[in-house]
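Subject: Handover of a structure and findings on its helix packing

Dear colleague,

Please find below the structure I am handing over to you. My findings follow it.

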Amino acid sequence: MNIQFKKGVLNLCVLVLLDQKDRYGYELVQKISDQISISEGSVYPLLRRLTKEGYFTTYLQESTEGPSRKYYKLTDLGRTYLQEQLNEWKSFTNGVNTLIEESVKNDGTTISK
């Protein structure tokens, strides 16, 4: 998959996953990697930036499998930001899908979904 596609959507993936429940960094990487091939190193700078911007808070929790883990928790500001991002994503994907469908209709090409 195009690296620019991944970069653009990673922000939204992290927000959506943290809206479900608090998670630690490696857990986020694993969950996203189940659907999209990403490098572990791409998530941590994003987590630092979004925490600095006030969208997440962090806390440490003991782990039975090693040192304490830093968990990320979505703030109220983060939930508002998530809604904005979801609205932008829906508008963007609707526009792209419309262009693709128009192109397919006009030249007879079929695109499998």
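Helix α1 passes helix α3 in a right-handed crossing. Please note that this is a predicted model, and that every value in this message was computed from it.

The contact between α1 and α3 is formed by Leu10, Asn11 and Val14 on the α1 side, and by Val43, Leu46, Leu47, Arg49 and Leu50 on the α3 side. By residue class, this contact comprises six nonpolar, one polar and one charged. The two axes come within 11 Å and cross at roughly 65°. Because of that angle, α1 counts as roughly perpendicular to α3.

Helix α1 also meets α2. Their axes come within 11 Å, with a crossing angle of roughly 115°, so α1 is roughly perpendicular to α2. Here, too, α1 passes α2 in a right-handed crossing. From α1, the residues involved are Leu10, Cys13, Val14, Leu17 and Leu18; from α2, they are Leu28, Lys31 and Ile32. Seven residues of this contact are nonpolar, none is polar and one is charged.

The remaining pair to report is α2 with α3. These helices pack at an angle of about 120°, and their axes are 10 Å apart. The angle makes α2 oblique to α3. The crossing of α2 past α3 is right-handed. Gly25, Tyr26, Leu28 and Val29 in α2 meet Val43, Tyr44 and Leu47 in α3, and the contact divides into six nonpolar residues, one polar and no charged.

I turn next to the nonpolar core. The largest one holds 23 residues, and the members that touch the most others are Val14, Leu18, Ile32, Leu47 and Phe56. Two or more residues come from each of α1, α2, α3, β3 and α4 (76-107). Helix α1 gives the most, with eight residues. Phe56 has contacts with Val14, Leu15, Leu18, Leu47, Leu50, Thr51, Tyr72, Lys73, Leu74 and Thr75, leaving aside residues up to four places away in sequence.

Two individual residues may also be of interest to you. Gln85 is located in helix α4. With a relative accessible area of 17%, Gln85 is buried, because the cut-off for that class is under 20%. Leaving aside residues up to four places away in sequence, Gln85 touches Asn11, Leu12 and Leu15.

Tyr59 belongs to strand β2, which covers residues 56-63. Its relative accessibility is 29%, so Tyr59 counts as partly exposed. Tyr59 and Tyr71 are twelve residues apart along the chain, and their C-alpha atoms are separated by 5.4 Å. Tyr71 is also among the residues that Tyr59 touches, together with Asp22, Arg69, Lys70 and Lys73, again not counting residues up to four places away in sequence.

Yours sincerely

Key. Residues are numbered from 1 along each chain as its sequence is written. This is a predicted model: local features need pLDDT of at least 70, side-chain atom pairs count only at pLDDT 80 or more; totals for chains, interfaces and linings use all residues. Side-chain values use heavy atoms; hydrogens and water are left out. A nonpolar core is a set of buried Ala, Val, Leu, Ile, Met, Phe, Trp, Tyr and Cys residues joined through side-chain atoms within 4.5 Å. Buried means under 20% relative accessible area, exposed over 50%, partly exposed in between (1.4 Å probe, protein chains only). Helices (H or I, at least four residues) and strands (E, at least two) are DSSP runs, numbered from the N terminus. Contact means heavy atoms within 4.5 Å. Axes are lines fitted to C-alpha atoms, for helices over the stretch in contact, and angles run from 0 to 180 degrees between N-to-C directions. Angles under 35 degrees count as roughly parallel, over 145 as roughly antiparallel, 65 to 115 as roughly perpendicular and the rest as oblique. A crossing is left-handed if the near helix is turned anticlockwise from the far one by less than a right angle, and right-handed if clockwise. Ala, Val, Leu, Ile, Met, Phe, Trp, Tyr, Cys and Pro count as nonpolar, Asp, Glu, Lys and Arg as charged, and the others, Gly among them, as polar.
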